[in-house]
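Q: Can you walk me through this one? I would like the overall picture and then the side chains.

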Amino acid sequence: MAQSKDAQKGYFVRYLSLAPVLAVLAVSIAFSTWAIFNFIFPDLLFHPLP
């Protein structure tokens, strides 16, 4: 029983160390996608057509 609780603590600590990494990765991918999309299809408010 004690080994099970120790394993759960280990998984929880591993999750806590992985969550910020996944969050930064998700935000980076989202911002990169947004930036590339706006480079290909610029916003007409800031880049009006002639």
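**Surface and aromatic pairs**

A: Leu22 is partly exposed, with a relative accessible area of 47%. This is a predicted model.

Q: Where is Leu22 found?
A: Leu22 sits in helix 1, which covers residues 2-40.

Q: Which residues form the nonpolar patch on the surface?
A: The patch is formed by Leu18, Val21, Leu22, Leu25 and Ile29. Together they have about 460 Å² of accessible area.

Q: What does the accessible surface of the chain come to?
A: About 5,000 Å², and 76% of that belongs to carbon and sulfur atoms.

Q: New topic: how many aromatic pairs?
A: The count comes to two aromatic pairs. One of them is Phe31 with Trp34, a tilted pair with 5.5 Å centre to centre and 35° between the planes.

Q: Where do Phe31 and Trp34 lie?
A: Both are in helix 1, three residues apart, which is about one turn of the helix.

Q: Why does Phe31 count as exposed?
A: Phe31 counts as exposed because its relative accessibility is 53%, and the cut-off for exposed is over 50%.

Q: And Trp34, buried or exposed?
A: Trp34 is exposed, with a relative accessible area of 53%.

Q: What about Phe37 and Phe41?
A: Phe37 and Phe41 form an aromatic pair that is tilted, at 5.2 Å centre to centre and 50° between the planes.

Q: Why is Phe37 counted as partly exposed?
A: Phe37 has 49% relative accessibility, so it counts as partly exposed. Exposed needs over 50% and buried needs under 20%.

Q: Which class does Phe41 get?
A: Phe41 is exposed, because its relative accessible area is 52%.

Methods:
Residues numbered from 1 in each chain as written. Predicted model: local features only at pLDDT ≥ 70, side-chain atom pairs only at ≥ 80, totals over all residues. Heavy atoms only, no water. Patch = residues over 30% accessible without salt bridge, like charges linked within 9 Å, V, L, I, M, F, W, Y side chains within 5 Å. Areas by Shrake-Rupley, 256 points an atom, 1.4 Å probe, with all protein chains shown as cover. Salt bridge = Lys/Arg side-chain N within 4 Å of Asp/Glu carboxyl O. Helix = DSSP H or I, 4+ residues; strand = E, 2+ residues; numbered from the N terminus. Buried < 20%, exposed > 50% of the residue type's maximum accessible area, 1.4 Å probe, protein only. Phe/Tyr/Trp six-rings, centres within 6.5 Å; stacked < 30°, edge-to-face > 60°.
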